[in-house]
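I opened my notebook to look up a few things in this structure. Here is what I wrote down.

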Amino acid sequence: MAIERKKKLCKGECASMQYLFSKGMCKSCWARLHKKPMSAISEKHKSTIQEYKPIRKKFLEENQICQARVKCNGAEAVEVHHRAGKGTKKLWLDTENFLAICRECHQWELANSKEAKELGISKRRI
């Protein structure tokens, strides 16, 4: 024989008749009260970014002209393209996979990944 539950007045924000979950609140009010904000960036990733910034800056100072040259004729390089992606810390910090690139060529590379791989601008990530 099952015990019959009765709806009771929620002590949370909704203050409606609900089946109570915990602390006199319905499930949704309890979840709202106990929800922790998610950090935008993990501490591990923050430390990787802090290591990456000076490496990126030095790379762009040494390579000031776009190395891709698919949409420009040697414009100023303002971005770093990671040929093999940024899936691991090693890939984030490995200058062998960096490519100094202008914004226009970088946009082209993102939109035309197959052609970029054929030209050597990007590498297969698997």
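I sorted the lining of the largest pocket by class: four residues are nonpolar, six polar and seven charged. Here Ala, Val, Leu, Ile, Met, Phe, Trp, Tyr, Cys and Pro count as nonpolar, Asp, Glu, Lys and Arg as charged, and the others, Gly among them, as polar. I am reading a predicted model, where local features need pLDDT of at least 70, side-chain atom pairs count only at pLDDT 80 or more, and totals for chains, interfaces and linings use all residues. Residues are numbered from 1 along each chain as its sequence is written, and side-chain values use heavy atoms, with hydrogens and water left out.

Next I looked for disulfides (cysteine sulfur pairs within 2.5 Å). The whole structure has zero. Cys102 is in none; its nearest cysteine sulfur, that of Cys105, is 3.5 Å away. Cys102 is buried at 5% relative accessible area. Buried means under 20%, exposed over 50% and partly exposed in between, with a 1.4 Å probe and protein chains only.

Then I turned to the rings. Phe, Tyr and Trp rings (for Trp, the six-membered one) pair if their centres lie within 6.5 Å; planes under 30 degrees apart are stacked, over 60 edge-to-face, the rest tilted. I found three aromatic pairs. Tyr52 and Trp92 are edge-to-face, 4.9 Å centre to centre with 85° between the planes. Tyr52 is buried at 8% relative accessibility. Tyr52 also pairs edge-to-face with Phe98, at 6.0 Å and 85°. Phe98 is buried too, with a relative accessible area of 2%. Ring pairs link Tyr52, Phe59, Trp92 and Phe98 into a cluster.
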